[in-house]
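Trainee: Could we go through this structure together? I would like to begin with the packing.

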Amino acid sequence: VTEYKPNITVSTGPVWEKFAKDLLEDEKSGKKIDMSWAETFILGGAGTTPDILGFINNVFMDHGAKKGAEVGYGLSEVFGPLTLTKVVAKSPIADDRPTLSTGLPLPGYMVGIFDEDGQELPYGKGYRGELWIKSKANMHGYFGKEELSKEIIVDDWIHSGDLCEIDELGNVYCYGRMKNTIKIDNSNHFLFDIDND
């Protein structure tokens with residue numbers, strides 16, 4: 001990143017956090033990297049917490065970046081980004097959820113949160129389920145994997161396999177993979193909740 005100086009760079013929360021820590025280490029040894037060339041950096045994949053994003057943004061902007069990270073969510077099954085939010089403040093990000101919003105769906109995407117029985121859940125805090133996506137960008141299926149395709153695509157909805165929540169404004173929050181659970185006393189507990197309890 002510092003060698004080629006791309007205007008837009010996309011990576012995961014843990015990678016950006018490590019990069020920010022490396023910038024601080026470089027600074028301690030007397031080498032401060034100028035990041036004024038950075039137009040936008042996007043945080044996706046494995047997300048991050050509001051505190052860590054605040055740390056990343058502060059370090060990057062102290063090194064000349066024009067603004068904080070854009071946070072996004074996407075799937076290869078919908079051919080790229082699905083949601084995006086802009087974070088422009090140089091400060092910790094205030095949010096009462098343990099994960100950051102990945103933003104609003106981009107134009108052309110319809111999303112919903114569904115329970116294990118396929119019933120759509122209401123928008124609002126406390127309603128978590130699998131994120132389903134419907135759009136003209138949805139894939140038609142996995143090449144040579146008809147049975148898997150039938151599991152993932154149902155009635156033109158892509159079943160993401162991700163545990164998500166949608167707030168009253170339509171912002172999407174991701175808590176990890178649905179399958180990342182352990183069973184305790186006959187009930188499922190999501191690893192995200194255990195890690196962040």
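Predicted model: local features only at pLDDT ≥ 70, side-chain atom pairs only at ≥ 80, totals over all residues.

Trainee: Okay, what does Ile56 touch, not counting residues up to four places away in sequence?

Mentor: With those neighbours set aside, Ile56 touches Gly13, Trp16, Glu17, Ala20, Phe41 and Leu43.

Trainee: And which residues of helix 1 are buried?

Mentor: Taking buried as under 20% relative accessible area with a 1.4 Å probe and protein chains only, they are Gly13, Trp16, Phe19, Ala20 and Leu23. They cover an arc of only 125° around the axis, going by the directions from the helix axis to the C-beta atoms, so they lie on the same side of helix 1. These buried residues pack against strand 1 (8-12), strand 2 (40-44) and helix 2 (50-62); helices (H or I, at least four residues) and strands (E, at least two) are DSSP runs, numbered from the N terminus.

Trainee: Switching topic, is Ser149 buried or exposed?

Mentor: Ser149, which is found in helix 3 (residues 146-152), is buried, with a relative accessible area of 9%.

Trainee: What does its side chain reach at 2.8 Å?

Mentor: The side chain of Ser149 reaches the backbone nitrogen of Tyr142 at that distance.

Key:
Residues numbered from 1 in each chain as written. Heavy atoms only, no water. Buried < 20%, exposed > 50% of the residue type's maximum accessible area, 1.4 Å probe, protein only. Polar contact = N/O pair within 3.5 Å; in protein donor to acceptor, adjacent residues only side chain to side chain. Contact = heavy atoms within 4.5 Å.
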